Amino acid sequence: MKPQNIRTLSLILSMVSYLLIGAAVFDALESESESLRKKILEQKLNELKKKYGLTDDDYREIEKVVLQSEPHRAGRQWKFAGSFYFAITVITTIGYGHAAPRTDAGKAFCIFYAVLGIPLTLVMFQSLGERMNTFVRYLLRRAKQCMGLRKIEVSMWNMVLVGLLSCTSTLSVGAAAFSHFEGWTFFQSYYYCFITLTTIGFGDFVALQKKDALQRRTPYVAFSFMYILVGLTVIGAFLNLVVLRFLTVSTEEPDMRPEEEREEQGTQPKISGCEEGHDMQGDKEVLETDAGASETGYKDSEDGVRHVTCSLFTVSNHWFPLIGMYLSSSRPSRDGHVPYNERQLFKGSIRPKL
Amino acid sequence: MKRQNVRTLALIICTFTYLIVGAAIFDVLESQKETTQRKELDKRKGELLKTYNLSADNFNELEKVVLQLKPHKGGVQWKFAGSFYFAITVITTIGYGHAAPSTDGGKVFCMLYALLGIPLTLVMFQSLGERINTFVRYLLHRLKKCLGMRRTEVSMVNMVIIGLISCMTTLCVGALAFSHFEGWSFFHAYYYCFITLTTIGFGDYVALQKDEALQKKPEYVAFSFIYILTGLTVIGAFLNLVVLRFMTMNAEDEKRDAEQRALLARNGQAGGHHHSASRGLRNVYAEVLHFQSMCSCLWYKSREKLQYSIPMIIPRDLSTSDHHSGISSVSTGLHSINTYRGLNKRRISI
């Protein structure tokens with residue numbers, strides 16, 4: 001069997017086993033406390049029902065009102081500050097649920113908002129994370145130089161260590177801040193920061209819900225938003241460093257083109273232009289340069305840059321490819337290099353019939 | 001400024017703008033309903049206090065108990081089925097919150113579990129998604145062959161269309177199923193599927209919470225789990241096809257910059273007087289090839305010959321010195337042109 005298939009199958013099996021093990025452990029940890037709590041609460045409820053002379057139906061009415069009022073308990077959720085908070089939870093996929101659109105129009109807009117916002121955010125965090133990693137790599141190299149070490153190249157392990165340190169400190173800083181502002185314990189705050197920055201976002205702990213913070217404590221609101229976005233960048237940078245390479249592992253694709261074309265190419269690396277996103281220049285060496293790019297693990301990931309050009313052309317009309325071309329230029333960037341005027345391509349005679 | 005920095009800055013500005021615009025629109029859509037609903041609920045609460053002769057404190061007591069009982073309304077959440085459901089919401093980062101660990105041990109294990117599980121799941125879904133894309137590409141290629149079409153290559157547009165169709169289908173199938181099993185309207189079930197499969201997971205709608213489904217309806221439980229995991233794979237495949245390439249753009253540019261620096265250093269050693277001339281030539285060369293690679297792309301996409309001839313001047317001599325250069329557009333230009341039928345023979349060398 002092909003290595004990719006084996007890899008995929010083993011990943012599926014690992015995930016299923018991981019789920020089974022996790023389920024068993026959570027069961028062991030939480031089940032008993034759950035049934036105990038339920039018993040106590042139901043007992044308390046019966047007492048209260050007797051005390052106030054409520055029938056089951058009466059209680060159900062009260063329950064309905066209480067549950068519907070729950071999201072309102074934390075203050076206005078949909079003024080601008082609250083909506084901004086909500087928009088963050090949508091496009092970062094945190095999704096606390098402390099506020100969820102009630103109107104059907106809100107739900108529909110939420111869907112469209114997410115369709116465009118989530119990929120934008122994913123790409124943004126990865127882009128910024130990569131910039132941060134490059135900067136850190138540069139700083140570390142200078143630090144090594146200053147300290148007079150023999151080997152000044154920054155190894156992958158250095159970067160991973162720095163990444164882990166930054167993630168831990170981000171979580172700790174957040175934990176300290178939120179435990180102060182929200183009145184949670186340090187552990188609860190840490191748990192909140194972790195659940196938020198991994199975008200799980202249960203919603204059991206949600207910031208900015210106490211004492212009408214969204215409307216009254218604007219600096220704290222700004223801090224929370226900045227913390228979430230910066231924290232996600234730090235985590236994103238770490239993921240970019242460690243996990244992204246596994247997501248883009250190049251696959252040895254069977255050539256889909258007909259036989260004659262394959263022959264013509266001979267031993268040249270197969271580049272299918274607009275066709276497929278795989279089987280790329282496996283021959284490209286990873287150059288060990290002074291720029292400190294060595295050992296960064298730049299694998300032979302698929303050279304998606306040129307495909308972007310093609311795909312963007314096809315997917316949309318005239319103006320969008322210009323943006324796409326700008327974003328995905330395959331031109332080398334050099335000092336004093338005058339940017340090629342893309343418009344010239346479309347004005348004049350070269351207008352493709354798409 | 002370097003291209004990567006410009007790109008990153010542009011993305012940051014776009015995201016902030018997107019957030020501000022979204023916030024304004026959500027404000028407009030929801031704020032009024034919120035105020036109206038709040039007034040109504042306050043009124044209702046007042047009525048209830050009067051009907052049942054309760055003081056405000058009494059009501060608060062009841063309210064506290066009601067809210068604490070809320071997670072239990074959906075049935076037992078932490079037996080094996082419920083824990084499995086919870087584990088899924090953790091490692092896929094959906095995170096409904098319908099059940100959240102209440103013990104400190106549970107919270108700690110949850111964090112450790114997520115630490116390993118989330119990367120594993122990300123890699124798994126992308127891996128499986130890539131396999132699915134490859135398989136679909138293969139099927140489409142065979143289909144095109146069977147249909148006797150002239151061009152049997154599968155283009156990106158084909159794949160994107162199929163991806164979009166499969167995503168929509170997955171959402172609709174889920175919407176139908178859950179609207180039937182959970183008693184939601186089709187739109188609400190569709191909204192639930194969307195929020196779940198994008199891993200946002202608000203928790204305003206959660207499956208398997210009615211009629212003790214987790215304990216009593218094992219087939220429905222199995223269906224829900226399989227639906228969530230399969231749906232995430234389909235979405236993951238689409239993201240793998242469309243979005244993943246954008247995530248590696250900065251790194252690609254960095255790599256190319258590094259290679260050029262190395263090349264310049266090497267060429268600098270070879271002979272200084274060639275430096276500026278060859279650099280200038282390389283600039284032009286790079287432009288021409290960029291132009292050519294885009295033209296060839298457009299030509300290919302338009303699937304018909306352009307009515308004018310593109311100067312296919314590929315200076316072979318220049319290319320040898322640039323063999324190791326990071327100007328990958330050179331090789332791309334050359335090879336993307338190679339890919340297309342008939343052009344191979346037309347390659348002109350100076």
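These notebook entries record what I looked up in a predicted model.

**Conventions.** I worked on a prediction in which local features need pLDDT of at least 70 and side-chain atom pairs count only at pLDDT 80 or more, while totals for chains, interfaces and linings use all residues. Residues are numbered from 1 along each chain as its sequence is written, chains are lettered from A and ligands numbered from 1 in the order in which they are written, and side-chain values use heavy atoms, with hydrogens and water left out.

**Entry 1: fold of chain B.** I assigned secondary structure from DSSP runs, helices being H or I of at least four residues and strands E of at least two, numbered from the N terminus. Chain B comes to 13 helices and zero strands. I counted 57% of its 350 residues as buried, where buried is under 20% relative accessible area, exposed over 50% and partly exposed in between (1.4 Å probe, protein chains only). Chain B exposes about 15300 Å², of which carbon and sulfur atoms supply 65%; the areas come from the Shrake-Rupley method with a 1.4 Å probe, and for residues only the protein chains shown count as cover. Taking a contact as heavy atoms within 4.5 Å, I found that residues 24 or more positions apart account for 64% of the contacts in chain B with a separation of 6 or more.

**Entry 2: annotated spans.** I consulted UniProt, whose positions are given in the numbering used here, with feature names shortened and annotations that may be inferred rather than shown by experiment. An unreviewed entry lists a "coiled-coil region" at residues 26-58 of chain A; that span is 91% helix and 0% strand, with its end C-alpha atoms 36 Å apart. For "domain: Potassium channel", the unreviewed entry lists residues 77-132 and 167-243 of chain B. Residues 77-132 of chain B are 73% helix and 0% strand, with end C-alpha atoms 34 Å apart. Residues 167-243 of chain B are 74% helix and 0% strand, and their end C-alpha atoms lie 15 Å apart.

**Entry 3: nonpolar cores.** I defined a core as a set of buried Ala, Val, Leu, Ile, Met, Phe, Trp, Tyr and Cys residues joined through side-chain atoms within 4.5 Å. The largest has 135 residues, and those with the most contacts inside it are A:Tyr85, A:Tyr192, B:Tyr85 and B:Tyr192. A second, separate core of 20 residues includes A:Leu41, A:Tyr59, B:Leu54 and B:Phe59. Neighbours within four places in sequence aside, B:Tyr192 touches several residues, among them B:Tyr85, B:Phe178 and B:Trp184.

**Entry 4: aromatic pairs.** I paired rings of Phe, Tyr and Trp (its six-membered ring) with centres within 6.5 Å, planes under 30 degrees apart being stacked, over 60 edge-to-face and the rest tilted. The whole structure holds 48 such pairs over all chains. The ring centres of A:Phe26 and B:Tyr113 are 5.5 Å apart and their planes stand at 85°, so this pair is edge-to-face. A:Phe26 lies in helix α1 (residues 3-52) of chain A and B:Tyr113 in helix α4 (residues 104-146) of chain B, so the pair joins two chains. Both A:Phe26 and B:Tyr113 are buried.

Entry 5: A:Cys110 is in no disulfide, the nearest cysteine sulfur being that of B:Cys193, 14 Å away. A:Cys110 is buried at 0% relative accessible area. The sulfur of B:Cys167 is 11 Å from the closest cysteine sulfur, in B:Cys172, which is too far for a bond.

Definitions and conventions:
A disulfide is a pair of cysteine sulfur atoms within 2.5 Å.
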